[in-house]
Amino acid sequence: MFYSAFYSVPKGQIEASQVIGLSTYRTVKNIILPQALTFALPMMANEVLNLLKGTSIAALITVVELFGAANIQAALTNLYLEIYISAALIYWALSIAIERGFRFAERRAGFYLR
């Protein structure tokens, strides 16, 4: 993901920074990284959402755990529809929060595109 993002920056940008005398550190910091981050953030958002769907991320609730707990609760109370709808809303809220966080980061990283 990051490899392809770094190599998506046009070679002319790097050559131009060398012509004006920027060091390698300043070239990466000021030229390559802002442009590469703009390409990498959408891919990172997809990966984070896939991780949320498939595995545990720190203390976040996964789909299997969430719907497993909902299934136990529904069996005890016989309120299947209400419990499954609330479990789906919790999962939906987590996904939307992650997606909006990455959208904000993409806008901040793409400041030079405006």
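**Core, surface and pairs**

Modeller: Setting aside neighbours within four places in sequence, Phe102 is in contact with Leu41, Met44, Ala45 and Val48, where contact means heavy atoms within 4.5 Å. The model is a predicted one, in which local features need pLDDT of at least 70, side-chain atom pairs count only at pLDDT 80 or more, and totals for chains, interfaces and linings use all residues. Residues are numbered from 1 along each chain as its sequence is written, and side-chain values use heavy atoms, with hydrogens and water left out.

Colleague: Which residues touch the most other members of the largest nonpolar core?

Modeller: Ile98 and Phe102 do, in a core of 13 residues. H3, H4 and H5 each supply at least two residues of this core, and H5 gives the most, with six. A nonpolar core is a set of buried Ala, Val, Leu, Ile, Met, Phe, Trp, Tyr and Cys residues joined through side-chain atoms within 4.5 Å. A second, separate core has five residues, including Ala5, Val9, Ile32 and Ala36.

Colleague: Why is Ser95 called buried?

Modeller: The relative accessible area of Ser95 is 16%. Buried means under 20%, exposed over 50%, and partly exposed in between (1.4 Å probe, protein chains only), so Ser95 counts as buried. Ser95 lies in helix H5 (residues 80-109); helices are DSSP runs of H or I with at least four residues, numbered from the N terminus. Beyond its neighbours within four places in sequence, Ser95 is in contact with Leu49 and Leu52.

Colleague: What makes Tyr7 exposed?

Modeller: Tyr7 has 61% relative accessibility, so it passes the exposed cut-off. Tyr7 sits in the loop between H1 and helix H2 (11-19). It also belongs to a nonpolar surface patch with Met1, Phe2, Tyr3, Phe6, Val28, Leu33, Phe39 and Met43, about 920 Å² of accessible area together. Patch residues have over 30% relative accessible area and no salt bridge; nonpolar side chains (Val, Leu, Ile, Met, Phe, Trp, Tyr) are joined within 5 Å, and like charges within 9 Å. The largest share of the nonpolar patch, four residues, comes from H3.

Colleague: How do you know that the pair of Tyr3 and Tyr7 is tilted?

Modeller: Two aromatic pairs are found in the whole structure. In the pair of Tyr3 and Tyr7, the ring centres are 4.6 Å apart and the planes are at 50°. Rings of Phe, Tyr and Trp (its six-membered ring) pair if their centres lie within 6.5 Å; planes under 30 degrees apart are stacked, over 60 edge-to-face and the rest tilted. The pair is therefore tilted.

Colleague: What makes Tyr80 and Tyr84 an aromatic pair, and of which kind?

Modeller: Their centres are 6.3 Å apart and their planes 40° apart, so by the same cut-offs they pair and are tilted. Both lie in helix H5, four residues apart, about one turn of the helix. Tyr80, at 38% relative accessibility, counts as partly exposed, and Tyr84, at 30%, is partly exposed as well.

Colleague: Why is the meeting of Glu99 and Arg103 called a salt bridge?

Modeller: A salt bridge is a side-chain nitrogen of Lys or Arg within 4 Å of a carboxyl oxygen of Asp or Glu. The N to O distance for Glu99 and Arg103 is 2.7 Å, so the pair qualifies. By this rule the count comes to one salt bridge.

Technical notes: Areas by Shrake-Rupley, 256 points an atom, 1.4 Å probe, with all protein chains shown as cover.
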